[in-house]
Amino acid sequence: VRQGQPTVGSLDGTLEATRYPSAKHMWVAMEGDASGQVAGLEKAEVYEIGNTVYFQNPQDGSWMSLPSGLVYSMLPSDMAISPEAYINLPVTAVRQSGLETINGVVTRRYTFGRGDLADGSSYDRVRGTAWVAVRGNYIVKYEATITGDLQTLVPDGMGLMDNGTVTMVYEMSDVNSDFTIEPPIRNRGLNLGSLLSGLSSFR
């Protein structure tokens, strides 16, 4: 429910990232009125390579670029682009017996509930499971279903919904694989960073 009206939606996304050199490639697809409220777009694709962010003009598909510092300055202070920034395994999560192989990685499985979350008091019900890599201690897979007051679930101003049920699924695969991320092939569009710099000099 958002502002007293029923709402529904979904958001699916994929993120590729390399550490050396630093680069990211993300694309998301959104359906329904709840997810549409988050970004106002049905789909989006973004590259971040070095200190430059490349994104598509939704009207004609041309690529534009901006300095990454400028892009981050326009986002809410508590908003992160990487999905894993929103994935936290509570310290009180209960480790289950045995090992499980997820996406080719040997993992330990943990479960958690409402009482394990620091902000769980606003939720009516929480059911979560996380699979953590034995080697590397990173989350390979995470599933959580949360019911209740959801206004604090996403950064301020994004208006996902006031209350209801949200299901989150996160998976990591192809860790330490050998690939590179290049700028968009058709990147012949407008460099907004240069344009803004020129306008500033003109003033």
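Q: Where is the place of Asn-57?
A: Asn-57 sits in the loop between β4 (52-56) and β5 (63-67). Strands here are DSSP runs (E, at least two residues), numbered from the N terminus. Keep in mind that this is a predicted model, where local features need pLDDT of at least 70, side-chain atom pairs count only at pLDDT 80 or more, and totals for chains, interfaces and linings use all residues. Residues are numbered from 1 along each chain as its sequence is written, and side-chain values use heavy atoms, with hydrogens and water left out.

Q: Why is Asn-57 called buried?
A: Buried means under 20% relative accessible area, exposed means over 50%, and partly exposed is in between (1.4 Å probe, protein chains only). Asn-57 has 16%, so it counts as buried.

Q: What is Asn-57 in contact with, leaving aside its neighbours within four places in sequence?
A: That would be Ser-62 and Met-64. Contact means heavy atoms within 4.5 Å.

Q: Why is Leu-99 called exposed?
A: Its relative accessible area is 53%, and the cut-off is over 50%, so Leu-99 makes it. You'll find Leu-99 in the loop between β6 (94-95) and β7 (100-102).

Q: What makes the nonpolar surface patch of about 230 Å²?
A: Leu-99, Val-106 and Val-134 do. Patch residues have over 30% relative accessible area and no salt bridge; nonpolar side chains (Val, Leu, Ile, Met, Phe, Trp, Tyr) are joined within 5 Å, like charges within 9 Å.

Q: Why do Glu-100 and Arg-109 count as a salt bridge?
A: The rule asks for a side-chain nitrogen of Lys or Arg within 4 Å of a carboxyl oxygen of Asp or Glu. The closest N and O atoms of this pair are 2.8 Å apart, so it qualifies. Glu-100, at 29%, is partly exposed, and Arg-109 is partly exposed too, at 25%.

Q: How many salt bridges does the structure hold?
A: There are 2. One of them joins the side chains of Lys-141 and Glu-143, at 3.4 Å from N to O. Lys-141 is buried, at 17%, whereas Glu-143 is partly exposed, at 30%.

Q: What makes a nonpolar core?
A: You need buried Ala, Val, Leu, Ile, Met, Phe, Trp, Tyr and Cys residues joined through side-chain atoms within 4.5 Å. The largest one has 16 residues, and those with the most contacts inside it include Phe-112 and Tyr-142. β8 (105-113), β9 (123-133), β10 (139-149) and β11 (163-171) each supply at least two residues of this core. Another core, of 6 residues, lies apart from it, with Trp-63 and Ile-181 among them.

Methods
Areas by Shrake-Rupley, 256 points an atom, 1.4 Å probe, with all protein chains shown as cover. Helix = DSSP H or I, 4+ residues; strand = E, 2+ residues; numbered from the N terminus.
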